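Thanks for coming. I will show one model and walk through a few parts of it.

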There are 2 protein chains.
Amino acid sequence: DMEALSKDFDDLSEDFKNFATTHKDYSTRLEELVKLQGKCMKELSHQRYRMGIIRKSMKKVEKNPQNRDAVKEVEKKMKQRKVQLYEMEQALPKANGLYLKVILGNVNVSILNKDDKFKYKDEYEKFKFIINGIALFISIINIFMNSRVLDLLFMFLLVWYYCTLTIRESILRVNGSRVKGWWLTHHFISTVLSGVLLIWPNNVVYYSFRKQFMWFNVYISFVQFLQFRYQRGCLYRLRALGERHNMDITIEGFHSWMWRGLSFLLPFLFLGYAFQLYNAYTLYQLSYHREATWQVPVLSAMFFVVFLGNTLTTMMVIPQKLKE
Amino acid sequence: DMEALSKDFDDLSEDFKNFATTHKDYSTRLEELVKLQGKCMKELSHQRYRMGIIRKSMKKVEKNPQNRDAVKEVEKKMKQRKVQLYEMEQALPKANGLYLKVILGNVNVSILNKDDKFKYKDEYEKFKFIINGIALFISIINIFMNSRVLDLLFMFLLVWYYCTLTIRESILRVNGSRVKGWWLTHHFISTVLSGVLLIWPNNVVYYSFRKQFMWFNVYISFVQFLQFRYQRGCLYRLRALGERHNMDITIEGFHSWMWRGLSFLLPFLFLGYAFQLYNAYTLYQLSYHREATWQVPVLSAMFFVVFLGNTLTTMMVIPQKLKE
Ligand SMILES: CC(C)(COP(=O)(O)OP(=O)(O)OC[C@H]1O[C@@H](n2cnc3c(N)ncnc32)[C@H](O)[C@@H]1OP(=O)(O)O)[C@@H](O)C(=O)NCCC(=O)NCCS
Ligand SMILES: CC(C)(COP(=O)(O)OP(=O)(O)OC[C@H]1O[C@@H](n2cnc3c(N)ncnc32)[C@H](O)[C@@H]1OP(=O)(O)O)[C@@H](O)C(=O)NCCC(=O)NCCS
């Protein structure tokens with residue numbers, strides 16, 4: 001009845017008052033925190049700026065062999081400091097790069113908490129895994145069937161997938177991931193490549209390449225699954241390393257695991273790159289076909305660039321990992 | 001020399017220690033704040049949940065005419081409470097919708113500060129303005145020239161633009177914007193529509209529609225500029241209303257300005273919708289052409305849906321604004 005209802009509402013109003021107080025407290029603290037955040041960010045860039053200056057003068061002082069030991073000492077400390085600053089930066093918001101600014105605008109996508117960062121990366125890997133599964137499924141069907149609509153759907157999926165990857169990876173980068181610039185460029189080129197495939201008129205030249213392309217996709221999906229296993233293994237092991245100070249998993253243990261994973265993965269990767277080169281070659285030959293449209297040489301060039309970039313970047317990873 | 005360098009580094013290390021203290025303080029406060037945030041969010045949803053229950057029992061109590069006045073009283077208070085809760089929600093993070101979850105993943109895009117929200121919206125309007133200018137420029141060239149590459153570039157731009165809009169508008173929605181679901185759907189359909197235009201083979205049917213389509217784009221760009229003026233006017237006036245408690249701009253003043261703006265804009269909008277209907281009609285007729293591909297009826301249907309949705313939504317805005 002009405003009385004009970006009024007009483008209910010009054011009770012709720014009482015609760016609301018408490019909530020309003022909590023909220024007020026929260027708002028004040030939030031404002032303070034933002035100020036403190038700004039201060040930290042300023043100090044961080046100040047530290048970096050001055051370290052840059054010191055590094056420069058170090059270059060000069062270094063020339064005197066008498067100073068060599070002292071310089072080495074400072075250098076070592078600087079390296080440590082750099083790591084510390086990087087760690088501290090992880091709890092501070094970071095500005096978006098140009099690409100994110102254009103797509104998302106100036107919204108803050110920083111994740112300030114290690115656990116959430118991990119979850120975000122993990123989710124990103126899972127996202128790739130799922131879309132890869134779908135792509136594998138469609139490309140297998142496409143090998144046995146020949147439907148223009150399914151072809152287009154597949155290429156739409158690729159455009160969308162690679163486009164989404166560039167966004168997510170830019171977000172990962174804002175959040176401290178060291179993913180190499182090439183992989184972002186790679187996904188960007190792949191977006192355009194899939195777009196060009198999409199508008200390629202389906203004439204005889206297209207059909208000369210179609211089967212090979214679908215096999216290529218099947219192979220790439222397969223490799224991506226291997227890569228998923230490896231990347232996810234790295235992610236979980238690195239997290240365990242960071243969390244457990246009792247070192248259940250030692251750095252050495254991680255490194256030996258990583259090398260095993262990597263040496264298993266690398267042959268498959270390079271075979272994939274060879275396939276990309278082969279695509280470029282096939283398309284190059286087809287570009288002399290009577291009915292070849294502009295898409296054919298453009299696709300050939302793009303496959304070649306992708307082959308080159310992938311091969312060089314992956315080859316460079318090896319000596320870099322040996323140094324660590 | 002070396003001594004100065006060492007001294008520099010030691011000074012910097014001193015600064016670093018202070019910084020580390022500040023950072024530590026910051027991290028602690030951040031953690032506390034996140035907890036408090038969680039508490040506020042819980043209380044908020046608790047309030048909403050209980051208000052829902054009260055609303056339900058109100059429906060029953062209402063039937064007794066004796067209670068009418070008391071119910072009205074509670075109803076009024078509930079409305080106020082709803083507004084208060086909405087205001088309080090603006091300072092709390094909000095989960096992403098499904099669309100953002102798929103594209104961006106589970107990264108937090110909430111803007112917790114009114115000023116930043118305003119800036120974000122303002123930037124979004126400017127973004128539309130700029131891309132519109134580019135689209136207008138290209139479509140005018142396209143009327144006088146006929147280059148397949150420029151056509152494709154234009155349609156790529158449209159796909160990209162509408163896709164980006166859906167993302168940005170989803171972010172705006174997370175941040176409390178009341179943009180109607182239809183406009184998001186509209187941009188989503190427009191993305192697909194532009195994608196279909198992109199893969200439409202350029203045969204004679206395409207060329208029968210091309211000129212009309214380019215004029216349509218010129219007109220739409222023009223309308224978008226008018227819309228930009230209106231939306232931006234609303235944005236700045238609403239901000240002034242919210243900020244100045246001395247009410248330089250009164251609500252009445254705002255409403256009269258809004259109505260003038262709206263009545264100027266509406267005829268142009270409806271003319272645009274008529275143009276969309278005309279596009280649908282032309283494409284419908286063309287779909288009987290001998291060389292018509294599947295893209296023609298699909299585009300026709302999509303233009304019709306867009307026409308329908310736009311007309312209905314815009315017509316519904318008017319009585320809604322009258323009620324306010
Ligand atoms: C060679 C390879 C296995 C090395 O992986 P790795 O051991 O993680 O390499 P790095 O140590 O340089 O990784 C640095 C960061 O970049 C990320 N990363 C590496 N390669 C990536 C890729 N191809 N895409 C996205 N992110 C990548 C890592 O996850 C890591 O992220 P973190 O800083 O957040 O932890 C990996 O780069 C790879 O799989 N490349 C092949 C991809 C490819 O060729 N695909 C095309 C189709 S075959
Ligand atoms: C009819 C119209 C002028 C009303 O605008 P309005 O007065 O801002 O309408 P509302 O009060 O319903 O707006 C609510 C919110 O939605 C936003 N919004 C309204 N129409 C929008 C649109 N078409 N796109 C994006 N956002 C829109 C407003 O900015 C406002 O945002 P806020 O909550 O952050 O302040 C506007 O909806 C409009 O311009 N529609 C036509 C768009 C169109 O037809 N384009 C297609 C090509 S012609």
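Start with Lys180(B), which sits in the loop between helix H5 (148-174) and helix H6 (181-199) of chain B. Helices here are DSSP runs of H or I with at least four residues, strands are runs of E with at least two, and both are numbered from the N terminus. This is a predicted model: local features need pLDDT of at least 70, side-chain atom pairs count only at pLDDT 80 or more, and totals for chains, interfaces and linings use all residues. Residues are numbered from 1 along each chain as its sequence is written, chains are lettered from A and ligands numbered from 1 in the order in which they are written, and side-chain values use heavy atoms, with hydrogens and water left out.

Leaving aside residues up to four places away in sequence, Lys180(B) touches Arg173(B), Thr313(B), Val317(B) and Gln320(B), where contact means heavy atoms within 4.5 Å. Take Thr313(B): it is 133 residues from Lys180(B) in sequence, and the C-alpha to C-alpha distance is 8.5 Å.

Next, the interface. Chain A puts 72 residues in contact with 72 residues of chain B. The area buried between them is about 6,700 Å², with 74% from carbon and sulfur atoms; that is the accessible area, 1.4 Å probe, that two parts lose on being put together, summed over both. In chain A, Phe9(A), Phe19(A) and Tyr26(A) lose the most area to chain B, together 11% of what that side buries.

There are four salt bridges between chain A and chain B, a salt bridge being a side-chain nitrogen of Lys or Arg within 4 Å of a carboxyl oxygen of Asp or Glu. One joins Arg29(A) to Glu32(B), at 3.4 Å, N to O. On the side of chain A that touches chain B, H1(A) gives the largest share, 33 residues.

Last, ligand 1. It is surrounded by 21 residues, and among the closest are Lys121(A) and Tyr230(A); a residue is near if one of its heavy atoms lies within 4 Å. Which atom of ligand 1 does the side chain of Lys121(A) approach? An oxygen atom, 2.7 Å from a side-chain N or O atom of Lys121(A). A polar side-chain atom of Gln231(A) is 3.0 Å from an oxygen atom of ligand 1.

How values were computed: Polar contact = N/O pair within 3.5 Å; in protein donor to acceptor, adjacent residues only side chain to side chain.
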